[in-house]
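Hi,

Here is the structure I promised to pass along.

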Amino acid sequence: MNVREAHFRRMLDRGGQAFAEVEVLTDHQRDAQMLAYFREGQNGTYSLVRIISNDANYEVDWFDNSLHSAFEDVMKPMFSTPDHLAANDRDEFATQILEFAGVREALERNFTR
């Protein structure tokens, strides 16, 4: 799966921990639009901790629609492989996102050091 576009969206606070939300467009046939969540690591690194597929249809998803799951956590199914390369695949995907123009810089600006 390749990243076609990535844009920093916002910072979130969950339980006192800061996360950066990045909107990602990919060439993945089923889950082309995703939200990736990064946490700040040591020495200026960023860890990809969650990926949510963004299948929102704003004509029907503006209310609590139990018939359609617009946002689904796809981190585990995307990177669960029998050859145990899941961590490598996740790191490669994270690198593609962070190397997209302006994303790493936005994370550096928004995470407090």
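First, a term: a salt bridge here is a side-chain nitrogen of Lys or Arg within 4 Å of a carboxyl oxygen of Asp or Glu. Side chains of opposite charge can pair when their charged atoms come close.

Some housekeeping: this is a predicted model, where local features need pLDDT of at least 70, side-chain atom pairs count only at pLDDT 80 or more, and totals for chains, interfaces and linings use all residues. Residues are numbered from 1 along each chain as its sequence is written, and side-chain values use heavy atoms, with hydrogens and water left out.

Now the findings. There are 2 salt bridges in the structure, and Arg-9, Arg-10 and Glu-21 are linked by them in a network. Glu-21 pairs with Arg-9 at 3.5 Å, N to O. Glu-21 sits in strand 2 (residues 17-26) and Arg-9 in strand 1, so this pair ties together parts 12 residues apart in sequence. Strands are DSSP runs of E, at least two residues, numbered from the N terminus. With Arg-10, the closest N and O atoms of the Glu-21 bridge are 2.9 Å apart.

On accessibility (buried is under 20% relative accessible area, exposed over 50%, partly exposed in between; 1.4 Å probe, protein chains only), Glu-21 is buried at 1%. Arg-9 is partly exposed at 42%, and Arg-10 is partly exposed at 40%.

Also in strand 1 (residues 3-14) is Arg-4, which is exposed at 59%. Its C-alpha atom is 5.5 Å from that of Leu-25, 21 residues apart along the chain.

Cheers

Conventions: Helices (H or I, at least four residues) and strands (E, at least two) are DSSP runs, numbered from the N terminus.
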